Amino acid sequence: MPLDALVTGRIATFAGVRGFGWVEAVGIKDGRIAFAGSAVDLESRADPHTRRHELDPGEIAIPGITDAHLHLIGAALAAERLDLSGAATLDEGLRAIAAAAAARGPGDWLEGGGWDPGRWGRWPSADDLERVAPGRLIALWAFDHHALWVSHAALAVAAAASADHPTDPGGASSATLPVGLLLESDTRTVAERVPRPTDAAVERAVSSLARALLAVGVVGVHDPGMLVRTEPLWSLDLLTRLAEQDELPIRVHVGVREDGLDGAIDRGLR
């Protein structure tokens, strides 16, 4: 059967013994690369209906990249929140926080991340946040997502929500850190109190990030699931809905966590 599309030019493959192998053309059929080889050979498999694309002399086509571990929904939302990864010092980070807080409504949560205590020379604290954004509800993830920097107001919300089950908002593993620093599972005490964005907002953010990934050659991701717990299979349902609407231009291998296994089995997923 004739090819759906034919791409010619300088094309790298994984067929090389050392490094890339190189071909002159690839033929695409039913959304997959069906043939790779010389332009003459593949031209014989085309017909007048085959779409043709010739790379410019300075262009190289390479195999698409699959990210082996990307929390897609979390990354998409983070792309729209305060980014502290470029703040070289704590003071610089606090200035960015103050500006972001000033641009939001008085009752809105300020979310973001990217801060690094190693780069800043010390752990930040809730008191630091209070100086630049007094009374503000703030939750900022560390660059590695193993710590959450929160404000006094955020801790108060968590304490009030946990009134029926009194606990130290910091938890045992965070007890030696400044007030406002939560580690590992302790982060849930605040993270689970932050209002969830609407499904429509999440879908818009995911679709936008997926297109940005595709633009730099990332064609697929392995998503191990949400960092903050939601309803089992919620992320699977949302991503499936996006794919069915043709709003997910990359391939996503969606992880199912333990609390979603029974639901996955009931649906007949394998």
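**Close-up views of a predicted model**

**View 1. Strands β12 and β13 run side by side.** Strand β12 (residues 218-223) pairs with β13 in the parallel sense over four bridges; strands (E, at least two residues) and helices (H or I, at least four) are DSSP runs numbered from the N terminus, and two strands pair if DSSP finds at least two bridges between them. Here H222 sits opposite H253 of β13. This is a predicted model, in which local features need pLDDT of at least 70 and side-chain atom pairs count only at pLDDT 80 or more, while totals for chains, interfaces and linings use all residues. Residues are numbered from 1 along each chain as its sequence is written, and side-chain values use heavy atoms, with hydrogens and water left out.

**View 2. The open sheet has three strands, in the order β6-β12-β13.** Their pairing is parallel. Because β6 (65-67) and β13 (251-254) are at the edges with a single partner strand each, one side of each has no neighbour in the sheet. From one strand to the next, the twist averages 15 degrees.

**View 3. Helix α8 (residues 199-215) packs with helix α9 (residues 234-244).** The angle is about 65 degrees and the axes lie 11 Å apart; axes are lines fitted to C-alpha atoms, for helices over the stretch in contact, and angles run from 0 to 180 degrees between N-to-C directions. Contact (heavy atoms within 4.5 Å) involves D199, V202, E203, V206 and S207 of α8 and W234, L238, L239, R241 and L242 of α9.

**View 4. S125 lies in the loop between α4 (117-120) and α5 (126-132).** Leaving aside neighbours within four places in sequence, S125 contacts W149, P178, V179 and L181.
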